[in-house]
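Let's take a walk through a protein model, one piece at a time. Keep the picture open while you read, and look up each part as it comes along.

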Amino acid sequence: VEDGIRNPNRNRPHKVRQLKRQYRMEKSIADLVNKLAYGKFGEEYALETDRATTDGRLIEQFNKEPASGTHIAFYDTSVRGAYASQIDSGSYYNLYNALVCIQIAKQAIKSGYKSVGIISAYRAQANLLQKMVADAFPEKTVDADTVHRFQGGEKEMIIFDVTTPNAPSMYDDGKDEGDDMKIMNVALSRARDKCVLVGDV
């Protein structure tokens, strides 16, 4: 932040400067975030990944289940006919997706992950996941919540539950800098080592 310095080309103070170097995410996760968010506005806005994110820990995590051999995976639930339901408030929940997320989290903990987060953009799904996580992980190695509640946090593995394909505005509102981009950016960039998406393609 440069307080009080004026941009000679504009009639307003130049107070904000983007942070360019990231130290959290493995590079392929950062590349995905760049493609969906920062890099859309030009190469000068893309995040640079510090070399510290390519250490031996990530090689070990790369080879662990779930999704061995990759840092990013997508579990397609469409072949199972996983239908989302809507509550009175308009929020969505999807029991099948939630069960898949819990199984992925169990596999991750068994493989040695110490921190796993399950994120949904929908409050009803987050509430369902929280109840299931409390039953399945009494040792509190797994957290579940909405995208907004995860803002500022990080986990070794993030499982992003897309929940429903029936509300396209949540993931594509047609705007260049819309809420959809912010939701995807926050959800995916919470992951340090592995990012898994669960949804109906």
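Start with helix H4, which covers residues 123–136 and has 14 residues. From its first C-alpha to its last, H4 reaches 20 Å, close to the 20 Å expected at 1.5 Å a residue. Before going further, keep in mind that this is a predicted model. The mean pLDDT of the chain is 81, and 72% of its residues reach 70 or more. Over residues 1–13, though, the pLDDT is below 50. That stretch has 13 contacts in the model beyond near neighbours in sequence.

**Around H4**

Which residues of H4 are buried? They are Ala124, Gln125, Ala126, Leu129, Met132 and Val133. What do the buried residues of H4 pack against? Their partners are strand E5 (92–93), helix H3 (95–111), strand E6 (116–120), strand E7 (142–146) and strand E8 (155–161).

**Over to H3**

Helix H3 has 17 residues, which should span 24 Å at 1.5 Å a residue. The end C-alpha atoms of H3 are 25 Å apart, so that agrees. Its buried residues are Asn97, Ala98, Val100, Cys101, Ile102, Ile104, Ala105 and Ala108. They pack against E3, E6, H4, E7, E8 and strand E9 (191–199).

The N-terminal end is capped by asparagine 94, with a side-chain oxygen 3.2 Å from the backbone nitrogen of tyrosine 96. Just after H3 comes glycine 112, which takes a positive phi of about 115°.

Now pick out valine 100, which has its place in helix H3. Threonine 77 is 23 residues away from valine 100 along the chain, yet their C-alpha atoms are separated by 8.6 Å.

**A pair of rings**

How many aromatic pairs does the structure hold? There is 1 aromatic pair. Tyrosine 92 and tyrosine 122 form it, edge-to-face, at 5.4 Å centre to centre and with 75° between the planes. Tyrosine 92 lies in strand E5 and tyrosine 122 in the loop between E6 and H4, so the pair ties together parts that are 30 residues apart in sequence. Both of these tyrosines turn up again in the table of buried residues below.

**Lysine 64**

Is lysine 64 buried or exposed? Lysine 64 is buried, with a relative accessible area of 14%. You'll find it in the loop between helix H2 (56–62) and strand E3 (72–76). Lysine 64 lies over the face of tyrosine 113, at 5.3 Å from the ring centre. Its side chain also reaches the backbone oxygen of serine 111, at 3.4 Å. Leaving aside neighbours within four places in sequence, lysine 64 is in contact with Ser111, Gly112, Tyr113 and Lys194.

| Residue | Relative accessible area |
|---|---|
| Tyrosine 92 | 11% |
| Tyrosine 122 | 5% |
| Lysine 64 | 14% |

Key. Residues are numbered from 1 along each chain as its sequence is written. This is a predicted model: local features need pLDDT of at least 70, side-chain atom pairs count only at pLDDT 80 or more; totals for chains, interfaces and linings use all residues. Side-chain values use heavy atoms; hydrogens and water are left out. pLDDT is the predictor's confidence in each residue, from 0 to 100. Contact means heavy atoms within 4.5 Å. Helices (H or I, at least four residues) and strands (E, at least two) are DSSP runs, numbered from the N terminus. The expected span of a helix is 1.5 Å times one less than its number of residues. Buried means under 20% relative accessible area, exposed over 50%, partly exposed in between (1.4 Å probe, protein chains only). Rings of Phe, Tyr and Trp (its six-membered ring) pair if their centres lie within 6.5 Å; planes under 30 degrees apart count as stacked, over 60 as edge-to-face and the rest as tilted. A charge sits over a ring if NZ of Lys or CZ of Arg is within 6 Å of the ring centre and within 35 degrees of the ring normal. A polar contact is a pair of N or O atoms within 3.5 Å; within protein, one must be able to donate a hydrogen and the other to accept it, and residues adjacent in sequence count only if both atoms are side-chain atoms.
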